[in-house]
Amino acid sequence: MNWTSWLLWGFVSTVVLTSILAGSQGIGMTRMNIPYLLGTIFTPSRDKAKFIGFFLHFANGWIFSLIYVATFQVLQKSTWWLGAEIGLVHATFVLTVALPVLPALHPRMANEQYGPTVVRQLEPPGFLGLHYGIRTPISVLIAHAIFGGILGAFYTLK
Amino acid sequence: MTTKGPKIQEYALIGNGRSAALISNRGSIDWLCWPRFDSASIFGAIIDQKTGGRWSICPLGDTQLSRRYLDNTNVLETTFSKESGKIALTDFMPVTSEEKKQSFLWPEHELVRQIKCTQGEMELIVDFSPRLDYGRVCPKIKNAGKLGWRIDIGTDVFTLRSEIELVRHGDGLAANVTLKAGEKVGFSFSHSEEGPAVIPPLGESVTDKLNLTADWWRHWASQSDYRGPYERQVTRSALVLKLLSYAPSGAIVAAPTTSLPERIGGDLNWDYRFAWLRDASFTVHALFGLGYKDDAEAFVDWLLHATRLNRPQLRVVYDVFGERPSSERELLYLHGYAGSRPVRIGNAASEQVQLDLYGEVVDAVWHFIGETETPDRDVQKMLRQCAEYVCEHWQEPDNGIWEERDQRRHYTHSRLMCWVALDRILKMQARGQLHGISVGKCESERKRIREEIETRCWNPELEAYMQACGSNVSDASALLLAYHGFEEASSQRMQKTRQRIRDRLVPRPGLVHRNEQSKDRHEGAFAVCSFWEADFLALSGNLSEAAEVFEAALAYANDVDLLAEEIDPESGDALGNFPQGFTHLGLINAALSLRDCEKRAHELERK
């Protein structure tokens, strides 16, 4: 494993992934704000949550990039399209498995069987994150494909 | 099977904070949509008596009927009595706290019915005839033995369990049973989208769920700190609002039904199973006014989340998760309520432009943050966007609060709410709660809006505020100029405006048409406008007349205190989707004004 290359390109790809997701929120593609989603696990304060969540998401991106580079090492191949393919698989997993089970793990997220008790809660993302906007899956797929593509293109095999 | 169904006011509502069912006073569930308010119906006899589907439990022969909600709950009890005996039918959707739900498995959705013979004996007929997808699908009901009857449609599973034997009858199930004093029978109908489905137990479990449900509703009702006039009706209105709330997101839908007509036999049939921003300010005011802080906060959270994608532009209507409602479609195969066609699903109002929404949203946030709290950066950004948008666009025509589809106009109410938006934003800025707005621009635009309302919306010949700039049409929404603090209710102008509304729009005490166009179209009187009138009278210090109008309006509620969108001035029958959240919001806010004004009057007397 080329640790220096992983550290560098894991960082870069996470920066790009975070920027794409934040940008797609900014242009009204999705309401999903990953740092806010993660940060509210620890605090109900919207501003603090975004700050904490930003670092968490960054750490997540770096950790997940390890799986990508491990795959490149095992296959002894690292190309942009292989990275993008892994990214698409990763995004599909996030949309179909991780987001729907999030309400069970997140202490401040309602689930769709919730109620009628109301507390200030986050809405559940639903299947494919569709409750956060119908174009949410598109932004997640694109962001992860580019995340994987950067890693695949620039990671140097050892 | 009858083709003439119950009157709209003969229905009552039960629900679980995610979905709702309408039950007629003859014991028939004629409307149920699962899993969400805006899902396709499973029972839809209310919009087509023949093919809509129903689940009825009623005695054989003529009986006397009475019904009530168990005190401060949304558990409905219908009593049928005749010489030979008396039975009570209890209907509810089980609810309890999230903590208690952890202790045993609950179906995703469940509707429970329990019949209890309290006197003598009585023969009952059960008719279970579900029709899925708005009556389009006659489902195959499979006998699963001791596990009940099952309907499998795609990934959805519906399960009916019964303590009496049901037999196939036509496309549905039926039973004929005689109950004697002391005997009781339970039914459970449930829905699951995930396998394996939970099979709800019957027997004592039904009574346990009934007790849990009644306890939960009573606990929720007890959180209200409202002590004042018409407490029973205010509590019922709060319970209706809670039934219209979608708990997972905090949204509140306008009504649980679609296409109950504004004119019997007419085509003014709309789908109200969505959340209207128009109701935002009234909703937050009512919920905070009653002391339901958590519910108000959940609603504002939904509001901020729902409007996130399109800001600074706001949509008129959103679904429970903040998406655009499905496009409007007509279901031409359905007969409609009392022949009122077409039945529509989805809502085209989502395409309209309503400038009043900015005032509604800003006013809701204003109530929400109060005098001390500072909104977070995201809310501040939204408020700044609203301020900029209103400054740029307030002079444009729109579809107005009543969503008129003929043409856009320069509505007085829309101008008023643009003024409200800038007024509240400037006040928040002055309190140090909001930063980064262009104070000079907001102040000058607020002033210009005031001038326009005072000059162009005021008709000097008719001596009243009119529906729109340069118009000679009266509109009940002009009463809200006082409600929102634009002008004192006691001012000469407002008193004259109210007098003109009274002359032109009040067909009889307690009823007010929303405007002259709706009166000319022979629509019903708009129920919320009666409460606006009572509210206005209270604000102008005329408490006895306010109480008279309030009580006259209450007379049009049904036997369990539910109100529709409109009232037929001739027959007094309910019209439009039912029950209507907007009307109940008007009731609560008018009662709050009456209480506050009475309190102030007493304090002044003491001094």
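## Two domains of chain B

The centres of domain 1 and domain 2 of chain B, taken over C-alpha atoms, are separated by 34 Å. Domain 1 covers 8-221 and domain 2 covers 223-606, with bounds that come from an automatic or database domain assignment.

A quick note before going on: this is a predicted model, in which local features need pLDDT of at least 70, side-chain atom pairs count only at pLDDT 80 or more, and totals for chains, interfaces and linings use all residues. Residues are numbered from 1 along each chain as its sequence is written, while chains are lettered from A and ligands numbered from 1 in the order in which they are written.

## Where the domains touch

In chain B, 29 residues of domain 1 are in contact with 37 residues of domain 2; contact here puts the C-beta atoms, placed from the backbone, within 7 Å. On the domain 1 side, at least two residues each come from β1 (11-15), β2 (20-24), β6 (64-69), α2 (132-135) and α3 (204-222) of chain B. Helices (H or I, at least four residues) and strands (E, at least two) are DSSP runs, numbered from the N terminus.

The largest share of this side, 4 residues, belongs to β1(B). By class, the side has 15 nonpolar, 7 polar and 7 charged residues. Nonpolar means Ala, Val, Leu, Ile, Met, Phe, Trp, Tyr, Cys and Pro, charged means Asp, Glu, Lys and Arg, and the others, Gly among them, are polar.

## Where chain B meets chain A

Turning to the partner chain, 27 residues of chain B are in contact with 20 residues of chain A. On the chain B side, α6 (293-306) and α8 (377-393) each supply at least two residues, and α6(B) gives the most, with 6 residues. This side of chain B divides into 6 nonpolar, 8 polar and 13 charged residues.

Conventions. Two residues are in contact if their C-beta atoms, placed from the backbone, lie within 7 Å.
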